[in-house]
Every structure is written in C-alpha cells, then in structure tokens.
Amino acid sequence: MRTVIMYITDAASFLLAWLRNPRAISAVTPSGPRVSALMTQGIGATTGPVMELGPGTGSFTYSLLARGVREDDLTLVELNADFAELLQRRFPKARVLRLDATRIGEADLFKGTSFGAVVSGLGFRAMRSREIRAILGGAFKNLRPGGAFHQITYGPRCPVPDQVLGHLKLKEARIGGTIWNLPPASVYRISRAADCKVPKHAELAGLQPA
C-alpha cells in the first residue's frame, strides 16, 4: 500500500514538473520497474561509484540499490529543486548535486571519484547536439576504462546524434526496450569505441567481442 501511495505521489510530482517545464522533464510519469531493470542491467556491487543524471524521484536509484550498489557510492545530479530535495531525503547517504548536467565535465567537480557507470534519465531528444556532447564528454571524462553510459529514450532510435558519437569516439548499442512503461521506452548503452575493439590475440584466434 505504501508503495502504491508513493508511486501516485511521485506521478503527481512528475506531471506537475512536466507542466511547468516540458523541455526539462523527459516523461510525464516516473519510470516503471521493467525499464528501471533494463537501465541498471550489468551494474552491481562490483561496479563501484555510479553517477545518475536526472534521477527525478529515484526510480532508477532504487533499482541500483537493489542490484547491490552502495548508497554512499551514488552521485545524483538533479537540476529540479523539488526533486533534489526529495532525493536527499530518500537517499541521505548519497551525494545529491543540484546541477545542470552539461556542467559535469567541469574541473575538480568529481575530484578523486572514478565512476564505473553513468545512468541517465535525461531527455536527450529535446536537447541540442552541443548540450548532449557536453554531457557525454563530461561523463566519459569521469568514467573509468570500460565504464558505460546508460541512456533511456522514448524514440525509435538512439537519441545521441551520430556526429556526437563520432566526435567523442563513442559507440552505442541497444540494450532492450519495453512497452510496459508510460511512454514505451528503450535503453541504450554508450561506451568508448576503443573498449569495443577486438584484441589482436582474439582476432588471431577467430574470437568475436561478447
């Protein structure tokens, strides 16, 4: 019963925030459990610190915790003041930053922290290419080798323009999608192109990347 009440309250908060600023809020309701599971797939206790961009009311955050990520290993970057305050109450051990995600590449902002993954609920489809490039550039500046950027979208293809991927030397791969979300959603895993290359010894052995 408590979970249902919390979801209804969160849905109302999302709708209100969307009505105030539809460009800044990517969806009219919080993400459901199926897409949250997709978004956090492959992330766990051994991933280390995780950065979440645009966590809203914490749907993906709860999924990260359920997968074994420690609360004090979470950095939650949220621009909306109401959501940021709510996140601080719900996840008191996490680091909550009220910050525009385009600024995450600024010097010394995450000094001493190397992230194993970034989870993004940001609405890339409503952003300019230069904003997306700033966000991805900042994220990969702080991602350790092999770390990946997990991005949700409500469109038919990856929301990162090809020219941005090429400029930053990144590759995208669709993890999956679900119609059991409002709206239906897909999840993409974005990684450094160098991380996707087949090692020479694997090529000689006729092996392919996983």
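**Note on the predicted model: strands, helices and side-chain pairs**

1. Five bridges join strand β5 (residues 143-153) to β7, and the two strands run antiparallel; strands are taken as paired if DSSP finds at least two bridges between them. Within this pairing, Ile152 stands opposite Val187 of β7. Helices (H or I, at least four residues) and strands (E, at least two) are DSSP runs, numbered from the N terminus.

2. The model is a predicted one, in which local features need pLDDT of at least 70 and side-chain atom pairs count only at pLDDT 80 or more, whereas totals for chains, interfaces and linings use all residues. Residues are numbered from 1 along each chain as its sequence is written, and side-chain values use heavy atoms, with hydrogens and water left out.

3. Strand β7 also pairs with strand β6 (residues 170-178), to which eight bridges join it in an antiparallel arrangement, and Glu172 stands opposite Ile190 in β7. The two strands β6 and β7 form a hairpin, with six residues between them. Of the eight residues of β7 (residues 185-192), six are buried, so the strand is largely enclosed by the rest of the structure; here buried means under 20% relative accessible area, exposed over 50%, and partly exposed in between (1.4 Å probe, protein chains only).

4. In helix α3 (residues 59-66) the buried residues are Phe60, Thr61, Ser63 and Leu64. These cover an arc of only 160° around the axis, which puts them on the same side of α3, the arc being that of the directions from the helix axis to the C-beta atoms. The buried residues of α3 pack against α2 (33-39), β1 (50-53), β2 (74-77), β4 (115-120) and β5, where contact means heavy atoms within 4.5 Å. Just after α3, Gly68 takes a positive phi of about 105°.

5. Phe83, Ala84, Leu86 and Leu87 are buried in α4. Seen down the axis, the buried residues of α4 fall within an arc of 165°, so they line one face of the helix. At the start of α4, a side-chain oxygen of Asn80 reaches to within 3.0 Å of the backbone nitrogen of Asp82.

6. A search of the whole structure finds six salt bridges, each defined as a side-chain nitrogen of Lys or Arg within 4 Å of a carboxyl oxygen of Asp or Glu. Arg89 is exposed, with a relative accessible area of 56%.

7. Arg70 forms a salt bridge with Asp73, the closest N and O atoms being 3.4 Å apart, and Asp73 counts as buried at 19% relative accessibility. The side chains of Arg128 and Glu131 also meet in a salt bridge (3.5 Å, N to O); Arg128 counts as partly exposed at 45% relative accessibility, whereas Glu131, at 16%, counts as buried. Salt bridges that share partners join Arg70, Asp72 and Asp73 into one network.

8. Three aromatic pairs are found in a search of the whole structure. Among them, Phe110 and Phe115 form an edge-to-face pair, at 5.5 Å centre to centre and with 85° between the planes. Rings of Phe, Tyr and Trp (its six-membered ring) pair if their centres lie within 6.5 Å, and planes under 30 degrees apart count as stacked, over 60 as edge-to-face and the rest as tilted. Phe110 and Phe115 are both buried.

Note on methods
Polar contact = N/O pair within 3.5 Å; in protein donor to acceptor, adjacent residues only side chain to side chain.
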